[in-house]
Amino acid sequence: MRSTTVDALYSSNGFWYIVVSPSSTKETYIITVDTTTGNPLYTGIPFIDIFPDHSMALKALTDIGAQVKIHGDGLIGLATTENSSTIGIVDYSKVTAHVPPRHKIRTVRHTSFIHIPLRGNNSKSSIFEDFQINENHFFCDTYDLTRLYPVDGISNPDRGFVWNNGWIKPFEILGIPQVCINLVQGVCVSKDFDKFGFSLAYVCRRSVLNPGTRYAARGLNDLNSPGNEVECELLFFKDDEFWSESWRRGSIPIRWKTVLTSKLASPKHTVDKDYFNGTCEYFKLLTERFGNIPIRCVSLLQTESDHAENEIKEFFTKALGQLFEHGIENVFFTPFDLNAHLHADGSGEAMMDFLSYIGPLGDGDGFTHGKFKSQKQTETNEPQAKPQQEEEQKVEGEEQKVEGEEQQVEGEGEQKVEGEGEQKVEGEGEQKVEEEEEQKVEGEDEQKAEGEEQRIEGEEEQKEKEREQKKSVEFKEVIEKDKSKDLLLDYGYEILERQQGLMRFNCADSLDRTNLATFYYAMKAAADWCKEKKVGLTKTPDADPYQPNLIIDQTIIDFLAIAFVNSGNVVSRLYTNTQAIKTNAIKKFSPSIVVSSSDTNITLQRRMQNVVNDPNRQKLIEMWTKPPPLSWYHRIDPRHMFVVPNINNSGENDTSIVQFPRAVFSPNIQQFDIESQELQMCLPTPMVLFSIMILMYPTNQKLNGVHITGGMDINHMDRIADVLLPQVESPTWLRYKPGNAIKWGYETHSQRYIRFLSFKFDSDDSKFSVGSIRIEAKSVFSREPVIIPHKMISLPENEEKEAEAKFEESFNEFLKSPRTLYDSIQLEKVRLDLNVHEDFRSKLALSRSISPWLVDTRSQLLATPTFLCALCGNPYGDMPKYFSPSDDVPSMIKPCKERNSGHSFPICPKCYEKAENLSKFTENYENEYKSIEIQPPHFETAGANDDFGEGIQCITNEATAAFLNEENSLLWHDGGSLVLQNNEEKDFLLFIVKQAIVLKIVINSTSDSFEVYDEKQNKLEMNRLNDNQIEFIFNEQPITQRLKFSIKSFQNDLELNRLQVYYIGTEYPIEEISPHPAEHLRTTHPALVTSTYEPSSRTETLKLDRESRIKAIMVEMVVEKGVTVPLSLYIAMYKKGELAGYKHIILPEASNGSKLWYKIDKDGVLADTVKVFYADRVATMRPHNLKFVIH
């Protein structure tokens, strides 16, 4: 089994490629992240998204110019904020524990974050870089560390202990959660005690269900999880057997909190009125996890009646007493005031008092005991892993030595995160005994600590250099790693007995007292096991069982002491941003541990952290654990845009047919001469089109525009947009957003999911020139339905003419009215009743020399002032009512309760009745014109077994292929169905995203009563593979992307469930690309005639001295930050007051100052007046600079 490998590569065209080879699979995955939207894209297409090995994937990317930027051990995942995306990669980790057989647990030492700022964000780094991940989290490629040992498999982790759940979520949606590691917060360490013949591991994992800082996350939350909940395991391994002892620690499992009323006041514990809410559920979850065994709640709270902790102790006792009334009879309360014993007797006596008190309660609990059933060696593709005492000690020996010393001085390190609790909460004067002893050795310890810090700092600098060398690993080294082999162990196990009781420890914070008490408990557990196995004992194995330090060897005590100081510090850092206190009490049993900071200092530091830093830390923790969902918009990279080859008129593949060049999607920016008038392309998933970007160059060609359609197959394509393409004076990106068609002021196509997209270019010449094309779209991974507005019903021609005539009468009456909003809504009511299209209303307005914007009710509702009555324009007084546009019929109004409910506007008392009468009609229209919600189409990424066949064979699925002629479900992995009747023959035209050598078709069906024919009507050879699958083999293997075949049924109700085409992907045919020579745009100088702009009607008027021919218009884009850019223009030309012609131009989004030239007519339109009406449905706007070419 290989180790997980991650590489992040960046391409200069704005894409990150994350290459992951998880240890759990044999494939390598490439996830593409574009820097425009920050969203990942993966569909499972062989040799695009998924490769047989890591080196091949890297080569595919480096061949297109991508460069390796980060090399790492694990992918944390991807998370977003409002205006950025972040990719997290563990680029340096260290093995800190081994769990048989051959599981390596790695602790995160360094993390790199790829920060992708989105629009409006100028930050240089990710906010997540401040999250305390390094040294505080661990993971394993091969073992599920979120569950109690032992566990089968790694595919079902307990998400309650995975701290990067939100970061993994995008990859779960993409169908590849295995590319991410599961980060567990806490500590995992182990040690081989060779001379005693066993190994010992300690696991401390912190729950993510109630994340937060000390005073923000305590007690139960809405998930019925306590703050600072930690699960611990002590694991023993000897020969082919294992033993485990588990316990829990956490804050008190009732509803309570601590309140800081000011920066100086003492914190106050308060218990909620519903304090018992969730306590039952918490203990039920413990029972589900550990079994129906006794759960002993060991409370370490102080017991003095006047102490601040007394109230929560009393309520805790009361809550546990109520469990019996709810059928929970396995939970017991065991109080022990640890502070009181520490103050009175010191650490050694306190341990004996503590263990003698709780020890008898758990003496019969025993261990979970099991045995490995079988061990065999299997070959994998990882460098050989020798036993820990051999290769690991050779390779990592020096690092382990430094690590041990680092752990010893852990209590002193990381001064920037010092400070923890509140001395009063932990018990007044609780440090009395310890501080007396500290005064004797503190000076000496501090000198030792300083020396240790300097030495380790130097070693850390050296390790940092080595890490940087590792991060810059060369591509060639990765290839060598792929070629190497290893021997690992497969195993099974059986459980011989289970632990029969669970200890659950708590103090107020589940920090210092809890850590010390669990250290005592672990010492006893280790002593009990060593005595039972007669290993690791001192010369006094029969000493008092509640003085384990006299029973087990000092090396075992040292390991446990270092482990608990380290885990105590980790939990404390994460909860309070300081080191743990009471480590001196642990030091008493392991004198080599160096503690430099006094508990009093740390207590003060904690208070400062609570007041100063915790609010920001809490916000960061919440952002880390619950990042917002992705938008799933993508700027599609060239590797995921697939050109559908053109065919001849008979529908056959023909190599002589001129193809639209795939190069228009390539990263190389250039201008192409194109002879094919139509570009058909397949998207990587069903998508909702968001924008189209076309790079235009200066040219004198006669390219008029492009007709854009889309659909789930090419036989059912709907209109998306008709775009007039301008001429430009310099290379200019033109961006069109078809979804904004309603905003542009006319009815639009329905925004639907599409798989195929078609561009039909309108050119007067046989050859035209364009530059690169980019597509932005929302993928099916959003799983969001599309809302389709109701469309006007198309009437028969005679009925349509009659309706338009009636509407024209009402329109003329409207022109005679004051044209208030009330009049406009009345006119809209007539239009809706007659089922007349908005285009006709716009034409009537143009013919009357009126701006279409003025007669568009939706526009007038948006422009309505909020400081006057919307209907009469007078002050609305003290008691207005508020109305807003209807969601389903935005040109009609309905009442709303709040002023800020969307775009609301006031109505004065005099107009109440009018507005309410109008709103009654709205209700009727809403029922008639209700929007339709359409769910996203079926699509799932395929698993590895479906991506690759044998060798380099590929198999079609929903990502790698799509039916061109008719959408159906036969490509689905499960649930597909197509039913044919007797003698029915159905034609299929399958598009494969890669050029393919087609080998065979495999169809899932229980019946043999059908035949398959190729496009020449040759019957394919049929072989049944099993009860459910039949293969059909091509005698002549087609090389194509458009596979044409047919299926004929010889029975009624023949059901086919799945169709797979086996193929070998090949390179695309070589394209003959014709770069267009550089050109200078030949333009006629615009006329020096001044136009006037009228803001109230959004109309620019050009009056001429005499009739002239209007041939073109030049629009100089005015783009200013914070100002709406108008994009919808009606160019209307009038001759003696009559409309001589008009053109509706949709401008692209382009940079400020871009000059766009539009031809009005080849010969020009004869007119004496030109009016430009801005028709955008926006509240405010600023006009562009316009110039006209007049002959």
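Helices here are DSSP runs of H or I with at least four residues, strands are runs of E with at least two, and both are numbered from the N terminus. Keep that in mind as you click around.

This is a predicted model, in which local features need pLDDT of at least 70, side-chain atom pairs count only at pLDDT 80 or more, and totals for chains, interfaces and linings use all residues. Residues are numbered from 1 along each chain as its sequence is written, and side-chain values use heavy atoms, with hydrogens and water left out.

**The whole chain**

Start zoomed out: the chain has 20 helices and 54 strands.

**Helix H16**

Now select residues 821-834, which form helix H16. Its 14 residues reach 20 Å from first C-alpha to last, close to the 20 Å expected at 1.5 Å a residue; that expected span is 1.5 Å times one less than the number of residues. Color in Leu821, Ile825, Leu827 and Leu832, which are among the buried residues of H16. What covers the buried residues of H16? Show helix H15 (797-816), helix H17 (838-847), helix H18 (857-863), strand S35 (893-896) and helix H19 (912-928), which are included in that cover. Step past the end of H16 and you land on Asn835, whose phi is positive, near 65°.

**Salt bridges**

Next, look for salt bridges (a side-chain nitrogen of Lys or Arg within 4 Å of a carboxyl oxygen of Asp or Glu). The structure holds 50 of them.

Pick Asp509 and Arg218, whose side chains meet in a salt bridge at 1.8 Å, N to O. Asp509 sits in the loop between strand S21 (502-506) and helix H10 (512-533), and Arg218 in the loop between strand S12 (198-206) and strand S13 (230-238), so the pair ties together parts 291 residues apart in sequence. Both Asp509 and Arg218 are buried.

Then go to Arg289 and Glu231, another salt bridge, at 2.7 Å, N to O. Arg289 belongs to helix H3 (residues 279-290) and Glu231 to strand S13, so this pair links parts 58 residues apart in sequence. Glu231 counts as buried, because its relative accessibility is 0%.

Last stop: Lys533 and Glu532, whose side chains form a salt bridge at 3.2 Å, N to O. Lys533 is partly exposed at 24% relative accessibility, and Glu532 is partly exposed at 48%.

Definitions and conventions: Buried < 20%, exposed > 50% of the residue type's maximum accessible area, 1.4 Å probe, protein only. Contact = heavy atoms within 4.5 Å.
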